[in-house]
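The structure is shown first.

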Amino acid sequence: MKAHAQVVVIGGGVVGCSVIYHLTKLGWRDVVLIERSELTSGSTWHAAGGFHTLNADTNMAALQGYTIRLYRELEEITGQSCSLHHVGGLTLAESPERMDFLKSARAMHRHMGLDTELVTPDEIRKLSPITNTDGVLGALYDPLDGHLDPSGTTHAYAKAAQMQGAEIVLRNPVLETRQRADGGWDVVTEKGTIVAEHLVNAAGLWAREVGAMAGVYLPLHPMEHQYFATDDIAEVVERGAELPHVMDPEGESYLRQEGKGLVIGFYEQKCVPWAVDGTRWDFGHELLDENLDRIGDSMEFAFKRYPVLAEAGIKTIINGPFTFAPDGNPLVGPVPGLRNYWSACAVMAGFSQGGGVGLTLAEWMIEGEPSRDVFAMDVARFGDYCTPSYTRLKVTENYQRRFTVSYPNEELPAARPLDTTPAYGIWQQRNAVFGAAYGMEHVNYFAPAGEDPHEIPSFRRSNAFATVAGECRAVREGVGINEVHNFGKYAFSGPGARTCLDTIMAGKIPAPGRLRLNPMLTPKGRIIGDFTVAALAEDVFQVTASFGAQAYHMRWFEQHLPESDVKLENVSKQRIGFQIAGPRAQELLSRVTRADVSTAAMPFLSVREIDVGQCRAIVQRVSYTGDRGYEIYVPWHNQAALYGVLSEAGADLGLRPFGMRAMMSLRLDKSFGSWMREFKPDYTPLETGLDRFIDYDKETDFIGKAAALAERERGVARRLCTFEVDAVDADAVAWEPIWHAGAVVGYVTSGGYSHHAQKSIAFGFLPVELVEEGREVEIEILGDMIPARLYTAPLFDPNNQYLRG
């Protein structure tokens, strides 16, 4: 083993081998993979080997498509067979809700160029004669689905990487990892120490233990997973052609052909977390004890769905562990808080996602950023709220829901509540319906007194519809109150704070007492944040953005922070409070402070530190509702007192609490975009309209400036637009294709119902040549073509005259 390498990858499963293949393919050849035993010795060797493109996130689906197409390339490069079987796959639907889910997936696939189709029960039986379609309404068919040989595929990755210069060291456990002063790592192994400029944790079942060597906890947990293979079955033998995969969500099972028999696996409700206290180092090429009792109910259902199983003998039972993150997606990217330490873990669908994970990580390491938005698998999408116990509970929930319909308005219950504010008890007394983001509870809406505080999950307008309408009306006609705890908040201070922000942010940094909206860009000019920057003093700033992006944004800040002169604190949980919004918001604020908060003294986009009631507060005149409003920030321990003051003073003004459902409806009136919907790393400022907040002429060479200037010079091919949609009971959510003249020309980024305007609204991209007032298009919602029209002037206060008054 050499003494130094540009990259050391720990872990010789399919993911680790994919990483070294892609690193060498993109040009980094000084790469070493270290494996404690043999290649595939963790979860890889006992995997069922299936692959599919279906994923709720379009970029994850695209990366899965890339992975599947890559296998032919690996075979051609190496001569090593992956034993590919492109047999296609069926996902069954036994309920109208599941059909809605499949319709929305099919619509998403249209604008991605994936050739999936909805099929009838008769067509299902032709494709898979062994499937009993009683109770089945239809299915989604994907011709790309299939299976392969896990060992052969992993060795194909490894061989291709070695052909390109990578070194693989087997039977060499890692004992210790130590950060060096220069940012590199000492990787101590049984065969000696190797110095790595970059270290990649692809240790799979041992990723937690390897992470602990570096002092970090990676939120993943192994789960036991069982499947079995049958003896030969006459109906399979006689068919000749290979059967397609069948996923039966109702039965929590997946099925495929294996030789002349079948393989069927289950994601059962009585699931078992494995290795709760850690994976033992001597675990490897072995299986866990079988437990068919645990999957008894699922097996009984499977015998009805596939009658041929009832008479088939069981040849092999596999019970082995796989690792999952709390949401089921991988953990990929630079680990926050560490230098040159990268994660490629929790890839539970390694043969669907392993190629995409390797490509993404290699691009990130070599080029500085991935070629697409990968927040859905970014290790920084989770924060320090993810304790091992929290992770285990969420992983168990995710495993149990592997085949459950995911609704756009659904809030999952496991490990909740975790983080709450002092107002949580107040909201409970008001019959609040809660959601959660980044571990923190927030109010979605307030259910009427006597009604169960629960929103029924649906692809259509829910039982919250009328109540949310009332909350929106209270804001537009009087004054509403809503927490501001679910903004990420960062305190920048010190002599270098202004210069630092001027480099990180693409827009103007405001003068003291003012605030500005500010995009944050990558060097390639892509959007990685939309911030409000408030100058409390010449060298003191409050910077706010999405609460759920804290680790993501803190990682970026810390990577670009000067060594001195700037102090940075994440005060997201310490600095909370309320926003008040509506035509009577100014009157309410004036009642609870001695400060002059008139429009002349405190105009739109101003910020002041004043006393509100008995609390010292940072008050910003801005509101995401698009109405006249104020964000009032206080220390967390003052929040209850602040509510008491505002509630009492606003009683005769009709002060009404409102939740996030109303907030997201009100933003539609102003065509306000939202983080990870309209503003994300897939998009650029000129495409989305954020270019109006960029200071192209400022002297500072801000990050992404060259790319932003180049984009302004050449123009863009698409633009974000707003549409009025003739929806009846189901509004656009995201990823619905936009049709014009019989072809898919764009897609929806988000949508909903504007209760103020009483119209269904959608945001989405169109080619620039189609962007014009009144442009008529169709948006495919749950399989129906719904007419829609483009408009440019916001529905509420289009010229901001009211807002500035």
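Which residue is the bridge partner of Thr722 in β37? I found that Tyr791 of β37 is the bridge partner of Thr722.

I record the basis of the entries here. The model is predicted, so that local features need pLDDT of at least 70 and side-chain atom pairs count only at pLDDT 80 or more, while totals for chains, interfaces and linings use all residues. Residues are numbered from 1 along each chain as its sequence is written, and side-chain values use heavy atoms, with hydrogens and water left out.

Entry on β32. I took helices (H or I, at least four residues) and strands (E, at least two) as DSSP runs, numbered from the N terminus. Two strands count as paired if DSSP finds at least two bridges between them. I noted that β32 (residues 718-725) pairs with β35 (residues 759-767) in the antiparallel sense, over 8 bridges. In this pairing, Glu724 stands opposite Ile761 of β35. I also noted 4 bridges between β32 and β37 (residues 784-791), which run antiparallel.

Entry on Gln164. I located Gln164 in the loop between α5 (150-163) and β8 (167-169). Gln164 counts as buried because its relative accessibility is 16%, where buried means under 20% relative accessible area (1.4 Å probe, protein chains only). Leaving out residues up to four places away in sequence, I listed contacts (heavy atoms within 4.5 Å) of Gln164 with Tyr21, Thr24, Lys25 and Arg29.

Entry on Ala349. I found Ala349 in the loop between β18 (341-345) and α9 (350-367). Ala349 is buried, as its relative accessible area is 11%. From C-alpha to C-alpha, Ala349 and Trp206 are 17 Å apart in space, and 143 residues apart in sequence.

Conventions
Buried means under 20% relative accessible area, exposed over 50%, partly exposed in between (1.4 Å probe, protein chains only).
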